[in-house]
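Me: I'd like to check the labels on this one against their cut-offs. Take me through it, please.

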Amino acid sequence: MNKNSRNWICCQIGAREHYAIPRALHQHEKLAHLITDAWVTPVSPLKILTQSGLRERFHPALAKVQVHAFNSFLIRFEISQKLQKRFGWETIIARNNWFQQQAIKKLTQLTEKFTTPPILFSYSYAALELFKFAKKQGWYTVLGQIDPGLWEEQIVIQESEKHPQYHKNWQPALREYWQIWQEECNLADAIVVNSHWSSQLLEKTGIEVKKIHIIPLVYTPPKIANKFIRTYPESFSQKRPLRVLFLGQVILRKGIASVLESIKSLEGYPIEFWIVGSKELQIPSYFENHPQVHWVGRVNRSETAKYYQLADVFLFPTLSDGFGLTQLEAQAWQLPIIASRNCGEVVVDGVNGWLLPEVSNVAIANILKLCLHDPENLTALSKNCQITNKFTLETLTQHLLKF
């Protein structure tokens, strides 16, 4: 059977990748159904009542798609978890199981409507029961691997042992979590990863190489970004310091320990650090109150644009990431990036940013000094920032239609 003739069912928790997979399929009329935990249309009461991230669980490009969501059940589930005082990995696994149970009820209703077996797509860690169901129906299964898997956790454990002073609530995943993942990988007909880095770490875990397909993340910049004009001063000073943006979860995996240590070695320099994201570490008071650091905290996705506009350079020193979508967001705002090599390939060294030779405070500080003393180079690199065809929705569609 020609797989290109098949329609797809996408199952996903949250607004992952701005709903890129269902959008890419929908624009070629290949998306039959989107099943998700929450869908908050512009006229939904939840849009008015809630201040949480639920308000962003919608995409106008999918307004005419058959979307099946479980809003009220989700709210009930989350309340029950809090009443039972369940948190952390226990809740993550419970949420993934809850979603799959709801999705299977919906899939059972939809099964008879397919004359041709569809392709079922689901993201990792919330796919096992869905794949079991799909296999019974004779459907093809595609796993969207959101991170580099088990080996990434080993990297974080090593970093955690190296920096015990930042310990707060971090715990490695439960064994059950990884057992579920291994079974998902076994059942998947194809596994989509977003970078060579992810592919390498999955291969290291023993995942079948022939199943792995590298497809980069995509990003559609907001129209306002196309009109944005970035400028730099002739020189940086205490009055107009170099503004460094770190945007993402403040966790060891993102390389925050090296960032904080670099701040120590850059004391007195006209450099300020804007750290945007939820703090999930115990930050020493020295850094909490440091005059060169602005702790912004967690912001909604729609609020991030102003920080990209404000910054002079984006810092992404991750120890491991499946891709790092924020790299594309920064590029859209013509913001040069200082990135590690442990993520998606967005930065071309010396063209639109810098690649760190290693994730360390010394390497970060050295590049920031280069930025500080050569604003003209920042201007040149900024002009090379763009979202190339490699990261467009159309390219993603062409990749998906090959399954």
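Me: What makes you say that Arg 16 lies over the face of Tyr 123?

Reply: A charge sits over a ring if NZ of Lys or CZ of Arg is within 6 Å of the ring centre and within 35 degrees of the ring normal. Arg 16 is at 5.7 Å from the centre of the Tyr 123 ring, so the distance passes and the label applies. Keep in mind that this is a predicted model, where local features need pLDDT of at least 70 and side-chain atom pairs need pLDDT 80 or more, while totals for chains, interfaces and linings use all residues. Residues are numbered from 1 along each chain as its sequence is written, and side-chain values use heavy atoms, with hydrogens and water left out.

Me: Which ring does Lys 264 lie over?

Reply: That's Tyr 286, with Lys 264 at 5.5 Å from the ring centre.

Me: Why is Lys 254 called buried?

Reply: Buried means under 20% relative accessible area, exposed means over 50%, and partly exposed is in between (1.4 Å probe, protein chains only). Lys 254 has 13%, so it counts as buried. Its place is the loop between strand S8 (242-247) and helix H10 (256-265). Helices (H or I, at least four residues) and strands (E, at least two) are DSSP runs numbered from the N terminus.

Me: What counts as a polar contact for the side chain of Lys 254?

Reply: The rule asks for a pair of N or O atoms within 3.5 Å; within protein, one must be able to donate a hydrogen and the other to accept it, and residues adjacent in sequence count only if both atoms are side-chain atoms. The Lys 254 side chain reaches the side chain of Asp 321 at 2.9 Å, so the distance qualifies. By the contact rule (heavy atoms within 4.5 Å), Lys 254 also touches residues including Phe 246, Phe 316 and Leu 319.

Me: What makes Tyr 19 and Gln 334 stand out in phi?

Reply: Most residues other than glycine have a negative phi. Tyr 19 has a positive one of about 60 degrees, and Gln 334 has a positive one of about 55 degrees; neither is a glycine. Tyr 19 lies in the loop between S1 and helix H1 (20-26), and Gln 334 is in the loop between helix H13 (325-332) and strand S12 (337-339).

Me: Why is S2 described as largely enclosed?

Reply: Six of its six residues are buried, so the rest of the structure largely encloses S2.

Me: What makes a cluster out of Trp 89, Tyr 125, Tyr 177, Trp 178 and Trp 181?

Reply: Ring pairs link them. Rings of Phe, Tyr and Trp (its six-membered ring) pair if their centres lie within 6.5 Å; planes under 30 degrees apart count as stacked, over 60 as edge-to-face and the rest as tilted. The structure holds 20 aromatic pairs.

Key:
Lists of a residue's contacts leave out its neighbours within four places in sequence.
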